[in-house]
Amino acid sequence: MEIKYSSFRLDDKIYNTNELSGVYDEDGSFLDNTIPDIRTLTYNKNLPVMWFLKLKTHRDRKKFIPELLLEFEISKELQKRKLGTLSESELLKILIIKVCVSDARVIVLDSIDSVLNWKDLNTVLKKMRSHAKASGQNILFTTNKLDNIVNYSDKYIIIKDNKITYNNKDFSAMPDLTETGKFAEMANKRGADLHKYKDPSDLLKAIYRDVKRR
């Protein structure tokens with residue numbers, strides 16, 4: 001789990017400003033090699049959450065703090081706690097908020113799907129997509145699981161053999177999704193609203209129970 005950022009302006013032909021781009025990067029090396037000043041967000045474990053969030057914020061982005069806290073379900077009690085007392089998923093959300101209100105031009109959510117459950121991952125990606133449009137930042141979500149970039153990315157980027165092999169939602173070039181991913185995509189299109197479920201398997205169980213009742 002890492003939150004990375006950069007003040008370097010990316011190539012607009014590949015990564016558009018005001019967008020959330022889902023990046024499928026098999027070995028995890030492409031972004032580190034292509035963003036010259038990419039950095040990992042660091043923090044002092046003894047700082048209270050709100051102190052940390054308000055330190056060195058971007059003047060025009062500070063206004064996003066209350067909105068992000070609400071969207072990520074960060075309680076008043078949690079806001080008073082020290083960073084070192086948070087769970088891994090709670091800390092991840094705070095670090096995301098922090099970089100969203102910084103002067104970063106590019107935010108890299110590096111394999112956060114390994115930390116967040118299905119519900120939290122969908123909440124975060126949905127919010128990051130709208131935040132990118134409001135803040136003027138590039139947001140890149142990297143993963144080695146294709147299913148996780150289907151629902152909320154404005155753009156899909158497939159990195160293979162250190163080359164960009166896919167762009168601009170040309171599905172013909174996408175590697176195959178897993179069966180679970182195909183089912184989740186179809187279910188959402190039919191109004192299932194997967195965001196209510198922590199995992200696609202929970203939706204399958206709900207459908208099974210509904211069928212049995214009938």
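Strand 6 (residues 155-160) and strand 7 run antiparallel and are joined by three bridges; strands here are DSSP runs of E with at least two residues, helices are runs of H or I with at least four, and both are numbered from the N terminus. Two strands count as paired if DSSP finds at least two bridges between them. Ile 158 sits opposite Tyr 166 of strand 7. This is a predicted model, in which local features need pLDDT of at least 70 and side-chain atom pairs count only at pLDDT 80 or more, while totals for chains, interfaces and linings use all residues. Residues are numbered from 1 along each chain as its sequence is written, and side-chain values use heavy atoms, with hydrogens and water left out.

Zooming out, the sheet is open and mixed, with seven strands in the order 3-1-4-5-2-6-7. Its edges are strand 3 (39-40) and strand 7 (163-166), each pairing on one side only. The protein has eight helices and seven strands.

Strand 2 pairs with strand 5 in the parallel sense over five bridges, and Ser 21 has Leu 140 as its bridge partner there. Six of the six residues of strand 2 are buried, where buried means under 20% relative accessible area with a 1.4 Å probe, protein chains only. Leu 20, Gly 22 and Tyr 24 point one way, and Ser 21, Val 23 and Asp 25 the other. Across the protein, buried residues make up 46% of the 214.

Next, the helices. Helix 5 (residues 88-100) lies across strand 1 (2-6) and strand 4 (106-110), at about 5 degrees to strand 1. Helix 6 (residues 118-135) lies across strand 2 (20-25), strand 4 and strand 5 (138-143), at about 155 degrees to strand 5. Axes are lines fitted to C-alpha atoms, for helices over the stretch in contact, and angles run from 0 to 180 degrees between N-to-C directions. Of the contacts (heavy atoms within 4.5 Å) with a separation of 6 or more, 75% come from residues 24 or more positions apart.

A cavity is a set of points on a 1 Å grid over the protein atoms alone where a 1.4 Å probe fits but cannot get out, and lining residues have an atom within 4 Å of a point. The largest holds about 60 Å³, and its lining includes Trp 118, Leu 121 and Asp 147.

Key. On a 1 Å grid over the protein atoms alone, a cavity is a set of points where a 1.4 Å probe fits but cannot get out, and a pocket is an open set with protein on both sides within 12 Å along at least five of seven lines; lining residues have an atom within 4 Å of a point. Grid points are joined across faces, edges and corners, and a volume is the space filled by probe spheres set on the points. Buried means under 20% relative accessible area, exposed over 50%, partly exposed in between (1.4 Å probe, protein chains only).
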